[in-house]
Amino acid sequence: MSARSPLGEIAVRKPGAQRMGFFTDTTVCIGCKACEVACKQWNDLPADGSEFRKGGSYDHTGTLSAATWRHVRFVEALAPSPALQREAEAALARGIGGNVPNIPAAGGMPSVEALGGAGGGVAEHEMVDLVGIAETEAQPQMDRWLFMSDVCKHCTNAGCLDACPTGALVRTEFETVILQPDVCNGCGYCIPSCPFGVIDRDPYDGRAAKCTLCYDRLEDGLEPACAKACPTDSIQFGPYDELVETAKGRVVALHEKGIETAYLYGAGDAPEQQIAGNLGAFFLLTEPPERFGLPAQADSPIQENAPVATATGLAAAALAVAGTVASMLIAHRRARR
Amino acid sequence: MGESHRPKGFKRLRGLPVVGRAADWGMGPHAVSKNTKTAGSRIAGLKATESVCPYCAVGCGQIVYTRDGELVDIEGNPNSPINQGTLCPKGSASRQLIQQPGRLTKVKYRRPGGTEWEELDLETAMDMIAERVIRAREDHWQTHDEHGWKVDRTMGFAHLGGATLDNEENYLIKKFFSAMGAVQIENQARI
Amino acid sequence: MVWIQGSGMAEAHPVGFRWVMKAKERGAKIIHVDPHYSRTSALADLYAPIRAGSDIAFLGGLIHHIIETDAYFKDYVVNYTNAATIVNEEFKDTEDLEGYFSGYDPETGTYDRSSWMYEGGEVASAAGQREHSTQAFSDRTGAGMMMGNVESDETLQHPRCVFQLLKKHYARYTPEMVEQVCGIPRETFLEIADTLIANSGRERTGMLVYAVGWTQHSTGVQMIRGGAIVQLLLGNVGRPGGGVMAMRGHASIQGSSDIPTLYELLPGYLPMPRAREGEVTLQDYVDRGGSARGWWANFDKYIVSLCKAWFGDNATPENDFGFPWLPKISGNHSHFTTMMRAMDGGLDGLFVMGQNPAVGSQHSGLQRRALGHLKWLVVRDLADLETARFWKDSQEVKGGEIRTEDIQTEVFLMPAAGHVEKEGHFTNTQRLLQWRDKALDPPGDARSELHFMHHLAKRVLAHYAGSTDDKDWPLRNLHWDYSEHGQHAEPNAEDVLREINGYEVATGRHLSGFTELEADGTTACGCWIYSGCFADGVNQTRRRNPGNLDDPEGGWVSPEWAWAWPANRRILYNRASADPDGKPWSERKKYVWWDEEEGKWTGYDVPDFPAPKRPDYKAADDAVGMDAISGDDPFMMMADGRAWLYSPSGLLDGPMPTHYEPFESPVDNLLYPKVPANPAALVWDRNDNPLNPPRDPRYPVVASTFRLTEHHTAGPMSRNLPWLAELQPEMFAEIDPMLAAKRGIEDGGWMCIVTERAEIEARAKVTHRVRPLEIAGRTVHQISLPWHWGSHTTSEQGVTGDTTNDLIALSGDPNVSIEDKAFSCNVRAGRRHNSSTARLAHAVDNELKLSGDHGAEEPEKAGQRGDSQHPPELEDE
């Protein structure tokens, strides 16, 4: 029951199936992390380890990983403050902040997290000197505390899938992208091919792992675990086209309420502005995407440069053979012990 | 899903003879694994029992899935008008509460002055506790308090209950300990 | 409008907050007033930081503003509250007596409350002597008041009517005063006040949500009273979308109060019998507890039926149904008092079931020491925890202050069954009784508490079966007849629930509700307010029909989902949702109304009023029982049928909420300079319970505690679970950048928090969410502390950390003995060097050396503790 998708990808096909997706509305997220836990519970994923992270607000899992397929980001956004603005610009000049491309002009609200670099757990020397700012500025005011549940985007143009030499990554009949652990050989090519940094290798068995959009649950007509658990329906699941319509309506409603910065990330864009050909898991944001560690532009590397990608694919294929042989040898050796 | 309007380099590439096939090497329909083909939720067909979350007092409905008496999954109950299938992180983790590392299955006993836990048979422990609570009751029985007022009680033992106990359990605690004459019966409700 | 104060609802009740978010989507305004900027604040439309412990000043400000701007809901206030009732001429306000009400006795620290009474009213019995939280039941309920001659002035102009007293009492609680005391800018305050007003009235309602952020203060009960007064002035009680919502913290904490394991209560809020001179007879108990007027006229039926449930056929009219053998309380036997008795060697044994006082009770260092003075301790839980192993690796043992070998306490740690491994029911925060079916067997020797109590009882009852001693009468005659099932002889939980519901003694027929109860011994009922939960022999708590939530005609009430006490009512006092004539205040907010054709009350919910009582029924002056409640008096549990803006009885520390500072406050009481703290509050005046002296420059920082979504209470239900532990792995303190800079504390680095009781360490979370406040011209810093960590975890991936409750002294509200969790402290950079409670060891060891003059220590003594314990030198804050 598998076939090529219109893109020529490996895909599972089932009659009557339609594209399914996630719509994550950050304006109603309460940062409770139910999605993180519900995901781990359903998928039997281990904890990543209990590490206290500096500078990440209430985020102590830090990033999406092989064992964390939903991850809640926390952004402590301060009200405009000249001193902070100066600090932010200086930070940028020093090249701090990872892929943070711009700090909003005066009137915008640079966030603690964005200044310190996307994601939690930034190195100490990169931290913005909050104390220093506090001393120079009378009282910078907390403006907003923003929460956003991040997840695999299930891209239309899926870099991971394009890069995978073994066919471990496939598109399902729901047009989601899943990684088949029983096929993956751990080559890791998918990892840099994901423009969002979603995929990670399991430190124990070396194989890649990521959100499946609960493919197993979908097969039985069940809602994915994270969306089901979400107390405030910040994560919504449903037929993709319907979700996009819902999301567009939500943006309009927010604009009417005066929240004019609301926009969709990864859905409903004009063709030339689409992110990875549109995202199966898209977001409603009220801040620039970089605030949440999302790139402003993204696509599958293979879309960007097909010939290079082909060469990469061929090389990957060769390596895949080697990898498969190696893993067979390892397995053989283990079995002998 | 709408057709993408971007140049589909890879797609075009695949259309080419030889190179296209090379690009497809190791892929193809057979790469969809057996597990993927037979995928399904692990709770399909399992016994589902309706329960209530043990954490805060919102009272979210839970559905507990078991296979042959083994706990497989706990999720929110979609029928509950309280949570409509949702759960917070604690409620979502409640399977791990039941299956937690270090879950006690035997009585542990620490003797006076002892430095380590020992294990006790349940019946033996119950007998020992009954003997001690009777002795405490008798040793500290008061018919009258310091004002000479009638009190008919024991001050020898006390109880502190948590608020994850069932009402039926609290009822038996209050009923039985009151019958023994205990008054120092307390609960998390005050704390 | 949802006004949240004293609660971090999104944080502590995330799924309850689902509905707040739904309301917000539909246009409701969300207001959060809290010392701590939490996830709740982040989602609120309006957030105001407030200095911990100053909430009554804020509430008084609201009352002042509502009255001053004439914004109260007049028809509601005049008809449904005691605003018009005239108070005794003897009454003197705090405005008259510089911070005291009339009747204060400085010797005992208590009030003689007789002058607070209505003009012409009397309390049936004076309960003068100070007995913490055990004031006569009649006091609490207003039962027993003689109402016949009470006067009122419906124009609200009489200088001694409640409305005018309220106006006078709060005259100085102006927006400017709120700004000075609470640190809330007056513009923010007025914006909140006007939002409350704009969202109340005939067409709109607003709800108040609070939790232990209000209860846990030396003025805790008065804070909630203050919130209730605001809601009554705005007409937000007994109506849909209104109310005062107590967000209770644990699965069945409501149930633990309804069917109490609380020392001063019997099931259904009947009082425990109290010792007094002479015999305590049933008649005497009923005379004191019952009421001539209002619902409590039925009091005798409830206690007699309870005795029948407990003593069965052995409870007869001749022996007063066994009532005389019930144990009697005298004074305060609450948890803290009991643990202090243990500390002093007066308690042999303690059962702890599903609790962790070594972490979760205030002054936890002292709690742990007290455990070591017991002869035996029985702990029941899912896994090993700090309370069971205090002798092994507590702070005190690890710090070398106490030697394991010297602790003579015998400990039994019993494996307990989890929530899916047994059947039974919880009562949630909205009084819903919800049944849980059993899904699987508990592992090994793990058993339910039901099993434990049943089999312990069987052993003890067998021991006393042949006794002839009169004191053993209750054990010889106890009705203990629960069927058993399964290989472990588990008692049948439904049998217990049937007894709680009640039955007709002659036939065993399940009662349909408490209106069937009799005082002649023909009915038995274990908890009258739960009667009806097994009506028709059907477990009503197991009902699982949500109905159609989208039905605009009250579908959202879901009356067939589980069962609510009393009588399956979802909103209490819902007769107030209709106007005095019985018509809904507005179509938009209709809920329960008078149906003239049918001649009864009807609506979306079970009316909380006698169904056939006409709205125009007027009670005669000499009427008794429910006949004394007029058709337009919705608050039928009160003897006067009115909601109380002013409490002539029922509270030990004043008829109206008054701003007092916490015991440990770095600032003066601006409103009543001569009376810093609640003069009637409880203090355990002991050397091992030293208080930070008020306004001591060594303790300039205000601290309060909060809960995290990712953890649960004292931690055993979350810290051992890897999925939760990784989300909040370490104890931390939230601190503002200014204070951090002054103390050299770095974000993510270590810091210590110091009080007279303890010094604990935590990771610093330096964040602008915490904001220093301007209080009366000076900057006051606040820190916020979660309190979920302790010294033990059972899991490699579990987490441990220092215990916030080690910092906090024993003190409490006088009405209910709950603790005070707004306190003062100091902070410094770095880690601690000794055990957290090493300073306490000093206090305990020097029990005799130190006088009762708590806290005021000489520098040499402080110095003996070692430099690491000494608070840093301070610049002027």
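**Exercise 1. In which sense do β24(C) and strand β26 (residues 759–766) of chain C pair, and over how many bridges?**

Conventions: the model is predicted, so that local features need pLDDT of at least 70 and side-chain atom pairs count only at pLDDT 80 or more, whereas totals for chains, interfaces and linings use all residues. Residues are numbered from 1 along each chain as its sequence is written, and chains are lettered from A and ligands numbered from 1 in the order in which they are written.

Solution. 
1. Helices (H or I, at least four residues) and strands (E, at least two) are DSSP runs, numbered from the N terminus.
2. Two strands pair if DSSP finds at least two bridges between them.
3. Four bridges link β24(C) to β26(C), and the pairing is parallel.
4. Within this pair, C:Ala733 lies opposite C:Ala764 of β26(C).
5. Strand β24 (residues 732–735) of chain C directs C:Phe732 and C:Glu734 one way and C:Ala733 and C:Ile735 the other way, and all are buried. A residue is buried if 20 or more other C-beta atoms lie within 10 Å of its own, exposed if 12 or fewer, and partly exposed in between, with C-beta atoms placed from the backbone.

**Exercise 2. Describe the packing of α4(C) against α11(C) and against α8(C).**

Solution. 
1. Axes are lines fitted to C-alpha atoms, for helices over the stretch in contact, and angles run from 0 to 180 degrees between N-to-C directions.
2. Helix α4 (residues 55–68) of chain C packs on helix α11 (residues 220–233) of chain C at about 20 degrees, the axes being 9 Å apart. The pair α4(C) and α11(C) is therefore roughly parallel. Angles under 35 degrees count as roughly parallel, over 145 as roughly antiparallel, 65 to 115 as roughly perpendicular and the rest as oblique.
3. Two residues are in contact if their C-beta atoms, placed from the backbone, lie within 7 Å.
4. By class, the contact of α4(C) with α11(C) holds nine nonpolar, four polar and one charged residues. Ala, Val, Leu, Ile, Met, Phe, Trp, Tyr, Cys and Pro count as nonpolar, Asp, Glu, Lys and Arg as charged, and the others, Gly among them, as polar.
5. With helix α8 (residues 175–182) of chain C, α4(C) makes an angle of about 170 degrees, again with axes 9 Å apart. α4(C) and α8(C) are therefore roughly antiparallel.
6. Here C:Ala57, C:Phe58, C:Gly61 and C:His65 of α4(C) meet C:Pro175, C:Met177, C:Val178, C:Val181 and C:Cys182 of α8(C). The contact of α4(C) with α8(C) divides into seven nonpolar, two polar and no charged residues.

**Exercise 3. Trace the sheet that contains strands of chains B and C.**

Solution. 
1. The sheet is open and has seven strands, in the order β5(B)-β4(B)-β12(C)-β11(C)-β10(C)-β8(B)-β9(B), with mixed pairing.
2. Its edges are β5 (118–120) and β9 (185–187) of chain B; each has a single partner strand, so one side of each is left without a neighbour in the sheet.
3. From one strand to the next, the twist averages 20 degrees.
4. Strand β4 (residues 107–110) of chain B and strand β12 (residues 410–415) of chain C run antiparallel and are joined by three bridges. The partner of B:Arg110 in β12(C) is C:Val411, and that of B:Tyr109 is C:Phe412.
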